[in-house]
Each structure stands twice: as structure tokens, then as C-alpha cells.
Amino acid sequence: MTTSLFIFGATVIDPARRVEGHWNLFVQNGRVAEWTKSKTPPAGARSIDASGLVLTPGWIDMHVHLREPGEEHKEDIVSGARAAAAGGFTSIVAMANTTPTNDNAAVTRFIIDRASHAAVRVYTVGALSKNLAGETLADIGDMAAAGAVAISDDGHNVDNALLMRRALEYARGFHLPVLTHCEESCLCAGTVMHEGAVSTRLGLRGRPSTSEEVIIRRDMALLRDTGGHLHVQHISSALGVAAVRDARAAKLPVTTEVAPHHLFLTDEALAKYDPVFRVNPPLRTAADGAALRAGLRDGTIDVIATDHAPHAITDKHDLPIEQASAGTVGLECALPLCLRLVEEKTLTLAKLIAMVTCNPARILKLPAGTLNIGDVADITLFDPTIAWQIDANKFFSKSRNCMFAGWKVRGQVRYTIVGGNIVHDAHEVTR
Amino acid sequence: MTRARAVPIEKVLMTAQQLARAIHTMARQIAGTCHAEATPLLIVGIHTRGVWLAKRLVERLSGQGVACELGTLDINLYRDDLSEVAHQPVVRRSELPLTLSGRAVVLVDDVLFTGRTARAALDALIDYGRPHYVRFAVLIDRGMRELPIQPDIVGRAVATEPRHNVKVQLVESDGKDQVVLQELR
Amino acid sequence: MSDTTAFQHRHLLSVEDLSKRDVELILETARSMKDISRRDVKKVPALRGKSVMNCFFEASTRTRTSFEIAAKRLSADIVNFAPTQSALTKGESIIDTVRTLYAMQPDMLIVRHHGSGIPLRIAQTLPNVSVVNAGDGMHEHPTQALLDLFTMQEVKGKIKNLRVTLLGDIAHSRVARSNMLLLTKMGARVVVHGPRTLLPYDVEQYGVTVAASVEDAIAEADVIMCLRVQQERLHAFAFPSTREYARYFGLSAARLRATKPDAIVMHPGPVNRGVEIAPEVADGERAVILQQVENGIAVRMAILFLLAGRDTKETV
């Protein structure tokens with residue numbers, strides 16, 4: 001079924017190979033066969049005219065929630081993967097807070113098996129603690145053997161410092177990074193947004209940026225003793241970025257990611273109490289947004305990841321904000337928002353692409369993120385000029401809770417190619 | 001409730017002199033027909049211009065030796081057309097004795113037209129108690145009643161059409177005394 | 001002088017939405033309503049035929065009764081919808097509940113809810129209904145602030161430059177927020193004080209001053225408002241005990257003696273006697289707490305009247 005492809009006329013950006021320019025690509029048997037300046041397609045290859053498009057290694061979203069097993073009404077592996085394809089992602093990394101929790105090899109194997117029907121590559125992250133309860137270690141070794149690429153209790157903070165330390169040590173032995181959701185539980189209990197002037201005005205309980213900083217610094221200190229690899233998820237605050245910067249200066253093995261919603265929205269978005277803007281960690285202030293951008297620019301932040309969190313209307317829109325679930329879907333609107341960072345000159349296009357290709361691949365040791373000869377042909381082709389409006393009702397995702405619904409944006413995926421197969425073609429979409 | 005904002009044609013119905021004479025006549029009629037027993041006669045003006053008229057009547061009557069008292073009444077809480085008016089009226093305070101039971105009352109207004117204001121005023125008065133009687137005195141009766149209300153004392157009766165507007169102007173609120181008939185085209 | 005004016009609001013959700021002119025109109029209307037309430041016949045037909053629904057998702061007898069009396073004095077039909085706490089378990093849709101109420105075609109909904117912003121969301125969801133916020137979470141309690149203002153004006157005359165002190169749990173108090181917004185809007189000078197754990201982040205954004213002690217806070221006050229220590233909304237660890245609270249933050253008789261002799265004491269109720277306010281102060285002659293309650297009915301009558309007769313152009 002794998003046709004050969006000849007993709008010509010695109011501007012190619014492959015930061016891992018330091019490539020930025022016009023190259024034509026010949027894909028054969030699902031792998032990168034040749035980069036050429038020639039415009040002649042090889043015999044038998046399907047030609048794709050990519051003039052005006054940008055060609056990059058397939059984008060990787062290292063933070064998504066696919067809700068399967070357990071909450072398939074919100075999303076499942078197949079629908080989430082299809083949404084990812086529509087968003088230009090060829091690899092996604094699924095968090096462990098499913099029902100049952102992905103804290104053992106059986107669930108890990110289940111997910112990997114279901115993923116064989118998915119449009120894009122799905123990697124799993126195993127839980128750090130059993131049932132995400134923060135009391136005992138999950139079956140980290142078994143999950144690693146079953147294919148998990150990292151461990152994380154994402155969704156929950158690891159409250160017990162000793163458990164965190166042991167997890168760092170144990171995971172190190174299996175060469176797994178530990179991904180952390182940093183929010184001090186007691187400071188955050190009962191809160192729904194960022195603690196600031198806005199939360200006071202709205203009469204809503206808020207959690208301070210300190211709640212993120214305190215855990216990052218705790219984990220940095222533990223990391224000093226244990227070694228290994230700590231990856232701070234969804235960093236949201238100036239204080240958080242400063243902490244990671246200190247860790248880098250101290251040469252600790254720390255990486256971090258940021259989500260588009262923390263870059264493009266602030267706590268003011270909650271002025272009408274719309275639960276769609278409730279997220280953990282919360283939307284913070286413009287000053288925090290500026291610090292996150294500075295972190296992107298100076299390399300403190302390595303990755304952009306969406307934290308795609310699908311929720312049903314009954315869990316979100318219909319409820320008072322204090323009871324609504326936290327999170328936003330993000331797979332299908334990430335690309336144009338990322339391009340906005342280039343437009344506002346926060347990042348060059350090459351640096352941006354690195355944040356969604358070779359950087360996450362390096363952190364999770366994925367066989368992806370670049371297009372050397374012989375590499376699997378996971379490719380994202382997008383048109384940076386198309387203007388469109390984000391319409392959540394047209395999403396492939398089962399859920400509609402999108403913070404960016406209605407936004408007018410520029411830049412759209414044209415083709416998503418996984419292993420040489422076109423899994424998303426913008427012109428063939430009928431929804 | 002929109003009306004074409006054409007420039008109205010104005011005709012003076014009563015000059016200041018004629019107005020003063022009408023008030024004089026009304027006071028005499030009140031003195032002649034409205035008798036009060038133990039308590040003074042209560043002259044109640046309906047906000048806004050009815051109040052000024054009532055004041056003048058009280059002065060006249062007192063000058064004639066008739067024992068009387070001034071009261072004021074705001075009828076905006078008793079209107080039947082609240083949802084139809086384009087703008088919400090400001091509710092003013094009513095100054096009336098705590099109870100009207102047994103009192104002889106003369107209600108005073110500037111213009112009697114459909115009768116709805118008078119009906120509202122009667123409802124309001126009765127919520128203050130059970131008056132001995134209520135008489136109704138108006139400066140101008142312009143006809144075109146929509147309810148069975150008739151005045152007891154009239155300064156002047158004028159025949160009008162729907163396109164007319166009768167405006168009573170008083171020194172206290174408008175700077176001069178006169179009554180004009182406006183014709184809207 | 002124009003005899004009429006337009007009250008442009010469809011809803012009363014927040015004091016922030018009211019202009020000074022709106023506030024003055026509400027107070028003026030409330031004065032007439034108070035007169036009605038002192039007559040023998042405490043009723044006018046102004047809202048006859050209108051249906052008002054009390055939707056109190058959070059328990060309250062006083063405010064609900066106040067609105068009920070206000071509606072009845074205007075001859076409106078009023079129905080109480082007061083779901084028990086168990087009926088609204090976690091996960092039940094507030095939107096769904098309100099749509100059911102809406103099917104009964106009320107003209108006005110009076111909503112109290114423990115969630116901030118719920119009255120706003122209800123107003124956004126339902127067309128052709130006026131929504132009155134009777135208290136939403138920690139956010140606002142507009143009619144309380146208006147009746148407090150009415151009381152202050154009644155006793156003290158002018159509001160401009162009036163020195164008002166709010167004492168207590170500012171952080172969790174919707175009464176405090178509405179009062180701070182309204183008083184500063186009308187030109188009063190507001191001072192706040194309480195345990196530092198109960199002062200909200202950036203309280204200065206309201207244009208108020210934070211005093212260093214209770215004594216400093218009330219020394220020059222014309223009005224001292226004591227806020228209820230909200231047991232049910234407390235953070236953990238806000239203060240060690242009610243005994244300590246009373247000793248260091250309560251309005252005792254001794255503290256009151258050191259204030260201006262004509263300073264008045266207010267409280268939104270219900271009063272925690274012996275905690276934020278000493279019993280003898282609450283019952284004393286400087287306290288106008290009962291006057292607040294009486295004025296509450298007049299102010300709520302004014303609100304219902306003005307909303308019912310509003311210019312219908314505005315939408316949320």
C-alpha cells in the first residue's frame with residue numbers, strides 16, 4: 001500500500017540536519033529515499049506539488065490525553081490520532097491518567113495494540129505511581145519493557161518527596177525520563193484559576209505561581225542527588241521558567257515544555273466565568289506570558305506540547321467553573337498558533353520546528369524528529385499563508401472544549417504523512 | 001412609542017391672566033361644594049404640575065378662610081401602562097397623612113384626558129385609607145376619555161383631537177403661566 | 001426638567017455595571033418604596049401579573065424572604081425554587097436546571113449560588129428574563145451593597161468623602177466586594193482591615209486603603225461595617241481560633257468607645273455574636289442592623305420595579 005512519493009517545490013526545514021531551503025523529497029517504502037534538487041519524479045512515484053508549502057519532519061506532540069481506556073465518550077485512541085493527523089502531528093505521546101490507570105504492562109500493551117489502528121504513531125507514558133495515588137511506584141520496569149517512553153503522574157502532583165526521589169532513581173535505571181506536573185497540592189486545593197488581581201475581582205479562588213515553582217525547585221534538588229532526566233510539563237509561570245533556568249545553569253538534566261494556551265491567553269480570559277478556560281496549571285498573567293516567550297527564545301524551554309485534554313460538555317460547559325474539568329483540546333489548532341510565535345518574532349521558523357520535532361524526539365528518544373536518508377517518512381506539510389477560523393464543530397476530536405474556538409488564524413496543515421502514507425489531506429476533508 | 005419629530009404648531013389657550021382667573025373660579029367652586037367636618041380639607045396634587053396647582057388652590061382657599069391642607073401624590077406605582085412607556089418614570093415620594101380614613105379629599109391635576117391617571121390616583125388614595133369622599137378638580141378638561149371618569153371641578157373645558165397636545169405651563173416649573181395647544185403634523 | 005429617565009439594564013448582576021446615575025435612581029426609587037412599606041396598605045399594583053422566581057441554590061432565609069416580601073409588595077407573583085443541596089450533586093448541570101425553570105416563563109429570576117459568575121452565565125443563556133444576582137460565590141451581592149448605601153445615606157446624608165471601614169474576611173466576602181465597588185464609585189473613602197490571611201490579593205485595585213490595625217481602621221470612621229467570618233468558605237488555616245479572631249479583629253465595646261461618637265455600626269447578617277462583633281455592640285444604639293433589614297426590602301422593591309419597567313434594548 002505504500003506508494004512512492006515525490007514531493008517537490010516545498011521549503012524544507014529540518015533543524016536536526018540544519019537544513020533550511022528548497023529540496024525535493026523522494027519517499028520509497030515508507031522511508032526517506034533521496035533529497036534532490038531535480039524536478040523529475042522517479043518512475044511510479046506519486047507526485048505531490050508542494051509549491052508554497054513548508055515541509056518539516058512530522059510534528060511530535062509529547063503531551064496528549066487520549067482518554068482510552070475508560071472515557072471513550074470524550075476521545076479514544078483512534079479519534080485522538082485522527083485529530084492529531086489533522087493538526088499535522090505524526091507522533092503523539094499519551095499520558096497515563098486513563099481508567100484503569102496505565103500503571104502496568106497490560107494497560108500499556110492494550111493502548112499500544114489499539115494504536116495499531118491509529119492514523120499516527122502513538123507512544124505511551126506509564127504512570128509514576130500506582131493508580132496515580134502517589135503512594136507506591138507503578139510497574140515501571142514492566143511498562144518500559146512493554147514500550148513506555150517515559151513515566152508521569154500527569155494530572156496530579158507527586159506530593160511525597162521520597163516517592164519522587166525513588167521514582168527518579170528507579171526510572172533512571174530503565175533510561176526513562178520522568179515527566180512532572182508541578183503544582184503543590186495544598187496551595188492548589190479548591191482553586192480554579194491563577195491567584196492574582198483577576199481572581200480577586202472575579203471572586204474565584206486562585207493558586208499562586210509559587211505553587212509551580214516550589215515543586216520544580218524541590219524536584220531539581222532531588223535530581224541533584226539522583227541524576228536521571230526530569231522533564232517539567234506545561235510550564236506556566238515566570239517563576240517556573242526562572243527555576244528551570246537556574247537548573248540549566250547548575251547543569252542539571254532538566255527539560256521543559258510549554259503549551260500554546262499559556263502563551264496566548266491570560267487569566268483575563270476567565271472574566272465571563274467560561275469553564276473552557278479552566279486548566280491546570282492555570283492561565284496566568286501577561287508578565288508570565290512574556291517570561292515564557294523569553295524562555296522559548298533563550299532555549300530554557302525545549303518543547304511546545306499541547307496538553308490536549310478532551311472533555312464532554314457535561315463535564316465542562318454545563319457546570320459552574322468550580323466543578324468543571326480542567327483542560328482544552330489542542331491538537332487541531334496548534335500549528336497556526338505555533339506559527340504566530342514566528343510571526344511575532346519570538347522564534348525563528350527553524351527554532352519553532354525544532355520545538356515540535358527533534359527536541360521532543362531527543363527527550364523521549366523517539367525514532368523521529370528528522371528526515372535523514374533511511375529514516376521513516378513522517379512528514380508534515382503546511383501552508384503558512386492560509387487564513388482560516390478555528391471551528392471546534394469541525395474537529396476530528398470527539399470533544400469541542402477549545403479555548404481558541406472562533407480565533408482567526410493563519411497557517412494550515414496540507415498533508416500529514418506517516419511512514420510514507422498520507423493520513424491527512426486537507427483537500428479531501430469532508431466532516 | 002415613536003412620533004415624528006415635526007415642529008408643532010402652538011396656540012395659546014389661556015394667558016397668565018386667564019389661568020389665574022380659572023384658578024380663582026376653581027377655588028370658589030371647591031369652597032362652595034366641598035365641605036369638611038372635623039379635619040381640614042385635603043387638597044392633593046398629582047405630580048408634577050398638579051402639585052403646583054394644588055398649592056395655589058390651598059393659598060386661595062386659606063385666604064378665603066377655608067381650613068385646608070396640601071398633599072402630593074405620585075401615581076407611577078399605580079400606572080397600568082408601565083411596559084408601554086418608552087422611558088421609565090422616576091418614582092417621586094407622595095406626601096400624605098399616614099391615613100386618609102374619614103378625610104375629605106380633592107384631587108388636583110393639570111389636564112384630564114383619557115382618565116387613566118385619575119384612575120391610578122384613586123387606587124393610590126384608597127391604599128392610604130378610606131376617604132370620606134374624593135372630588136376631582138382639573139384645570140383643563142380636554143375630553144377623549146377612555147375610562148368612565150368625570151371631573152367635579154373644571155377650570156376650562158376644551159374640545160381636542162388626537163393630534164393635539166395640551167400643555168399647561170406654570171411659573172414654578174416652566175417659568176411662565178399659560179396653557180398652549182400644540183398641533184402635531 | 002425631564003420627568004422620565006431610562007433604567008437601561010436588563011439584569012442586575014454586578015455593581016460594576018451601574019453608573020452613578022443608576023445608583024442615584026435606585027436610591028430615589030427606594031425612598032418611595034420605603035414609604036409604601038410604612039403605610040397600612042403595604043402594597044402597590046406596579047408589578048401585577050409579573051412572575052418572579054426565587055432561585056436560591058445556596059441556602060438563605062433572610063435574603064430570600066426579603067426578596068419575597070419585596071415582590072409581593074409590588075403585587076408580583078413569586079415562586080420559591082430552593083433545591084436541596086443533595087439535589088444538585090456534583091456534576092448536575094446548572095444550565096439544565098435553569099432551562100427547566102425557564103420553561104415556566106418567569107419574568108425575573110433572582111439567583112443565589114455558591115459559584116461565582118453563575119447569575120451571569122444564566123443571564124447569557126436565557127433570553128427575555130431579567131436576572132438579579134442575590135449573591136454569587138465570593139463575587140458580588142449587589143442588592144446588599146445598595147441597601148447598605150441607602151442606610152448610610154439615610155443616617156449620614158452624603159456619601160461623598162464618607163469614611164467607611166470594612167472589617168473582617170474581605171477575601172471571601174461578596175458583600176465586601178460589592179461594597180468596595182459601590183462606595184468608591186459614589187466617592188466614599190474606604191478602609192479595610194482583617195487578618196492578613198483574609199485580605200485578597202491586590203485588594204488595593206478597588207481603590208481602598210489597608211489599615212494596619214483595627215484601631216487604625218476605625219479611628220476616623222463614620223461607618224464601621226463588620227463582615228461575618230464565613231465559616232463555610234474559609235481557607236484552611238486562616239486564623240487559629242474564633243477566640244483569637246474576636247480578640248484581635250473583633251469590634252468590641254471598648255474599641256467602639258474609641259471611635260467618633262456619631263459613627264454607626266453595620267453588619268450584613270447573620271451576626272456571629274462574640275466573634276466579629278461583640279453582642280452589646282450588635283444590640284447597641286450605634287448599630288443600624290435592623291434598619292438595614294428594613295431598607296433591604298425597600299431597595300429590592302426598587303430594583304424589581306426598575307428592572308420590570310426597563311428600556312428593553314439591552315442584552316448581556
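Biologist: Leaving aside neighbours within four places in sequence, which residues is A:E68 in contact with?

Modeller: A:E75, A:D76, A:I77, A:T98, A:F110, A:I111 and A:R114. Contact means heavy atoms within 4.5 Å. One caution: this is a predicted model, where local features need pLDDT of at least 70, side-chain atom pairs count only at pLDDT 80 or more, and totals for chains, interfaces and linings use all residues. Residues are numbered from 1 along each chain as its sequence is written, chains are lettered from A and ligands numbered from 1 in the order written, and side-chain values use heavy atoms, with hydrogens and water left out.

Biologist: Where is A:E68 placed?

Modeller: In the loop between β8 (59-64) and α1 (77-86) of chain A. Helices (H or I, at least four residues) and strands (E, at least two) are DSSP runs, numbered from the N terminus.

Biologist: Is A:E68 buried or exposed?

Modeller: Buried, at 6% relative accessibility. The cut-offs, with a 1.4 Å probe and protein chains only: buried is under 20% relative accessible area, exposed over 50%, partly exposed in between.

Biologist: Which backbone nitrogen does the A:E68 side chain reach?

Modeller: That of A:I77, at 2.8 Å.

Biologist: Switching to chains. Which pair that touches has the most contacts?

Modeller: Chains A and C, among two pairs that touch. No contact joins chain A and chain B; their closest C-alpha atoms lie 29 Å apart.

Biologist: How many residues of chain A and chain C are in contact?

Modeller: 19 residues of chain A, with 28 of chain C. The area buried between them is about 1900 Å². Carbon and sulfur atoms give 53% of that. Buried area is the accessible area (1.4 Å probe) that two parts lose on being put together, summed over both.

Biologist: Which three residues supply more of chain A's buried area than any other three?

Modeller: A:T200, A:R205 and A:Y273, with 31% of what chain A buries against chain C.

Biologist: How does the touching side of chain A divide by residue type?

Modeller: Eight nonpolar, five polar and six charged. Here Ala, Val, Leu, Ile, Met, Phe, Trp, Tyr, Cys and Pro count as nonpolar, Asp, Glu, Lys and Arg as charged, and the others, Gly among them, as polar.

Biologist: How many salt bridges across that interface?

Modeller: Zero by the rule. That rule wants a side-chain nitrogen of Lys or Arg within 4 Å of a carboxyl oxygen of Asp or Glu. Chains A and C do have nine residue pairs in polar contact, both residues at pLDDT 80 or more. A polar contact is a pair of N or O atoms within 3.5 Å; within protein, one must be able to donate a hydrogen and the other to accept it, and residues adjacent in sequence count only if both atoms are side-chain atoms.

Biologist: What does C:G117 touch beyond four places in sequence?

Modeller: A:Y273 and C:D136. C:G117 is in the loop between β4 (108-113) and α4 (118-125) of chain C. At 1% relative accessibility, C:G117 is buried.

Biologist: Back to salt bridges. How many over all chains?

Modeller: 39 in the whole structure. One of them joins A:D246 and A:R217, at 2.9 Å from N to O. A:D246 lies in helix α8 (residues 238-249) and A:R217 in helix α7 (residues 210-226), so the pair ties together parts of chain A that are 29 residues apart in sequence.

Biologist: What about B:R163 and B:E183, how far apart are their closest N and O atoms?

Modeller: 3.2 Å, in a salt bridge. B:R163 is partly exposed at 40%, whereas B:E183 is buried at 18%.

Biologist: Last topic. Which residues have the most contacts inside the largest nonpolar core?

Modeller: A:I92, A:I235, A:L296, A:I304 and A:F404, in a core of 108 residues. Helix α11 (residues 334-343) of chain A gives the largest share, six residues. A nonpolar core is a set of buried Ala, Val, Leu, Ile, Met, Phe, Trp, Tyr and Cys residues joined through side-chain atoms within 4.5 Å.

Biologist: And which residues does the second, separate core include?

Modeller: B:A118, C:I78, C:I159 and C:M186 are among its 91 residues.
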